[in-house]
Amino acid sequence: MLYSYCGHSGVQLPRLSLGLWHNFGSVDDFGVATQMLLRAFDAGICHFDLANNYGPEPGSAEVNFGRILREQLASHRDEMFVASKAGHDMWPGVYGTGSSRKNIIASCDQSLRRTGLDYFDIFYSHRYDGVTPVEETMEALIQLVHQGKALYVGISKYPPAEQALAYKILKEAHVPCLLSQYRCSLFDRKAQRQNFQLAADSGSGVICFSPLAQGLLTGKYLNGIPEGSRAAKQSGFLQKSQVTPERVAAARQLQQIAEARGQSLAQMALAWVLADARVTSVIIGTSSVAQLDNNLQTLDKLSFSTDELQAIEAIVADPALSF
Ligand SMILES: NC(=O)c1ccc[n+]([C@@H]2O[C@H](COP(=O)([O-])OP(=O)(O)OC[C@H]3O[C@@H](n4cnc5c(N)ncnc54)[C@H](OP(=O)(O)O)[C@@H]3O)[C@@H](O)[C@H]2O)c1
């Protein structure tokens, strides 16, 4: 595994991190989830990305992660960097969602109980909710650090103005933002344009989610929607309507470039996100150990020639691809 420092901090993260949004819930195969987590840890993936609502059912990914940790990795807690978040819908009701102090503090306590952890290495505000003042949310994150429930804090998906304000508040409280989490892939480069430089300038690391556009950048949808894939699953967040002819055609063209580089399309797509010097790590999601192994080989070839980058740009420049 390769490791990289988070912004201006002494913390290193693996360049590939594992996310538990899908495939670790109560609806999923616990045996496969266990194998993926153990394989990831053995391969040096020591950063695990959770959130209160990951499942389904919401909360069950944290419960399963805690169980695997207790049963298989209990003596390795200090070799891991574990993240959780609060801010998206957890249950219907006024205190089941949002970025208020009430929700952030209570949600962190619930996540600690579900995982059985004493503290999170990083706790994020999962989103700017459009209502709660950034000051209120940041003060709640700062309080978690002061209480010893989180070592570091982060923000996820904050628009530029709120992102800059969050950095300022956190810096003034001497609890700097360790990581800024944004969606980034060959099909979604908005954060690269709008948010990454702000993060880099403030000393925050950048960590990217959905680097494979939930599977669209793997070649698996080139011949329709396979059974068992995220787009086919009832509980999957990738909608069938998002598997458009334009994205499939682009994936087919990108796969040719990947093959010429001696990589799978997934490996090239991950390497492309990692090629941005501001990016500390990408969070991958996998539904099998074979996918995880395939993605780990990304690290064998991270660099791109100018010709390759130009050929990729010519394909992904089409605005119809982004979502
Ligand atoms: N902060 C936020 O708001 C936020 C939002 C979303 C995600 N995240 C984090 O980011 C993590 C990753 O997101 P993501 O799961 O959308 O990432 P992704 O890497 O874009 O998509 C993962 C999916 O791609 C497919 N896949 C992965 N490797 C493959 C391979 N080698 N060959 C074929 N298919 C492959 C699998 O789909 P199949 O299931 O179809 O096999 C897998 O479930 C999440 O788990 C979560 O921790 C954060």
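Trainee: Which element gives the most to the shell around the ligand?
Mentor: That's helix α10, with three residues. Keep in mind that we're looking at a predicted model. Both β10 and α10, residues 289-296, supply at least two residues of the shell.

Trainee: And which residues come nearest to the ligand?
Mentor: Of the 30 residues around the ligand, the nearest are Gly 19, Trp 21, Phe 209, Leu 212 and Gly 285.

Trainee: How does that shell split by class?
Mentor: There are 17 polar residues, nine nonpolar ones and four charged ones.

Trainee: OK, new topic. What do the strands build?
Mentor: A closed barrel of eight strands, in the order β3-β4-β5-β6-β7-β8-β9-β10, with parallel pairing. On average, neighbouring strands of this sheet are turned by 30 degrees against each other, ignoring direction.

Trainee: How many bridges pair β9 with β10?
Mentor: Three, in the parallel sense, between residues 205-209 of β9 and 279-284 of β10. Val 206, for instance, has Val 279 in β10 as its bridge partner.

Trainee: And how many join β6 to β7?
Mentor: Five bridges, and those two strands run parallel as well. Ser 125 stands opposite Ile 155 in β7. Strand β7 is mostly covered, with six of its seven residues buried.

Trainee: Which helix lies across β7 and β8?
Mentor: Helix α5, residues 160-172, running at about 165 degrees to β8.

Trainee: What about the largest nonpolar core: which residues touch the most other members?
Mentor: Ile 122, Cys 208 and Leu 217, out of 88 residues. Helix α9, residues 265-274, provides the largest share of this core, nine residues. Leaving out residues up to four places away in sequence, Cys 208 touches several residues, including Tyr 182, Val 279 and Ile 283.

Trainee: Is Lys 157 buried or exposed?
Mentor: Lys 157 counts as buried, because it has 20 C-beta neighbours inside 10 Å. Ser 210, in the loop between β9 and α8, also has a positive phi, near 50 degrees. Ser 210 counts as buried because it has 24 such neighbours inside 10 Å.

Conventions
Residues numbered from 1 in each chain as written. Predicted model: local features only at pLDDT ≥ 70, side-chain atom pairs only at ≥ 80, totals over all residues. Pairing = 2+ DSSP bridges. Helix = DSSP H or I, 4+ residues; strand = E, 2+ residues; numbered from the N terminus. Axes fitted to C-alpha atoms, helices over the stretch in contact; angles between N-to-C directions. Contact = placed C-beta atoms within 7 Å. Near = placed C-beta within 6 Å. Nonpolar A, V, L, I, M, F, W, Y, C, P; charged D, E, K, R; others polar. Core = buried A, V, L, I, M, F, W, Y, C linked by C-beta atoms within 7 Å. Buried ≥ 20, exposed ≤ 12 C-beta atoms within 10 Å, placed from the backbone.
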